[in-house]
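Morning, everyone. Please look at the screen while I talk. I will go from the whole chain down to single residues.

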Amino acid sequence: MSAFQKAKGFKKSKPGTYLSIATSLFGAVSVIKQAKKARLENDKLQLADAVVSAAAIATGVALLVRELKRLGDDDVLAG
């Protein structure tokens, strides 16, 4: 099995999914800082960018949680 195949398998595993969720949530810290700065500077365009970025992170986390649930269902069926 190549390193690429191992990495691809990890990405589809529970630990890989948890890592992806954590990485996404870590990105949320940056978006929160961006939103605070935009509010202080009254920069509506940058605030809109922060809101869109936050929505993208929320959607990504929701997809990862769904994948995690699917992996859990597969484990129950397999075991």
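Start with the surface. The chain exposes about 6,100 Å². Carbon and sulfur atoms supply 66% of that area. Keep in mind that this is a predicted model. The chain has 79 residues, and 19% of them count as buried.

Next, the layout. There are three helices and zero strands. Along the sequence, that reads α-α-α. Now the contacts. Take those with a separation of 6 or more: 63% of them join residues 24 or more positions apart.

Let's zoom in on helix 2. It covers residues 14-40, which is 27 residues. From first C-alpha to last, helix 2 reaches 40 Å. At 1.5 Å a residue, 39 Å is expected, so the two values are close.

What caps the N-terminal end of helix 2? Serine 13 does. One of its side-chain oxygens lies 3.2 Å from the backbone nitrogen of glycine 16. Serine 13 also has a backbone oxygen to show you, 2.8 Å from a polar side-chain atom of threonine 17.

Threonine 17 sits in helix 2. Is it buried or exposed? Its relative accessible area is 1%, so it counts as buried; the cut-off for buried is under 20%. Gly16, Thr17, Ile21, Val31, Gln34, Ala35 and Ala38 are the buried residues in helix 2. Here is a rule to remember. An α-helix has 3.6 residues a turn, so residues three or four places apart point the same way.

Now serine 24, also in helix 2. Its relative accessibility is 22%. Buried needs under 20% and exposed needs over 50%, so serine 24 is partly exposed. Which residues does serine 24 touch, leaving aside neighbours within four places in sequence? The answer is Ile57, Val61 and Leu64. Take isoleucine 57. It is 33 residues from serine 24 along the chain, yet their C-alpha atoms are separated by 6.3 Å.

Last stop: what follows helix 2? Asparagine 42 does, in the loop between helix 2 and helix 3, residues 44-78. Look at its backbone. Asparagine 42 has a positive phi, about 55°, although it is not a glycine. Its relative accessibility is 62%, so asparagine 42 counts as exposed. The cut-off there is over 50%.

To recap helix 2: serine 13 caps its N-terminal end, and asparagine 42 follows it with a positive phi.

Terms used: Residues are numbered from 1 along each chain as its sequence is written. This is a predicted model: local features need pLDDT of at least 70, side-chain atom pairs count only at pLDDT 80 or more; totals for chains, interfaces and linings use all residues. Side-chain values use heavy atoms; hydrogens and water are left out. Helices (H or I, at least four residues) and strands (E, at least two) are DSSP runs, numbered from the N terminus. Buried means under 20% relative accessible area, exposed over 50%, partly exposed in between (1.4 Å probe, protein chains only). Contact means heavy atoms within 4.5 Å. Accessible areas come from the Shrake-Rupley method with a 1.4 Å probe; for residues, only the protein chains shown count as cover. A polar contact is a pair of N or O atoms within 3.5 Å; within protein, one must be able to donate a hydrogen and the other to accept it, and residues adjacent in sequence count only if both atoms are side-chain atoms.
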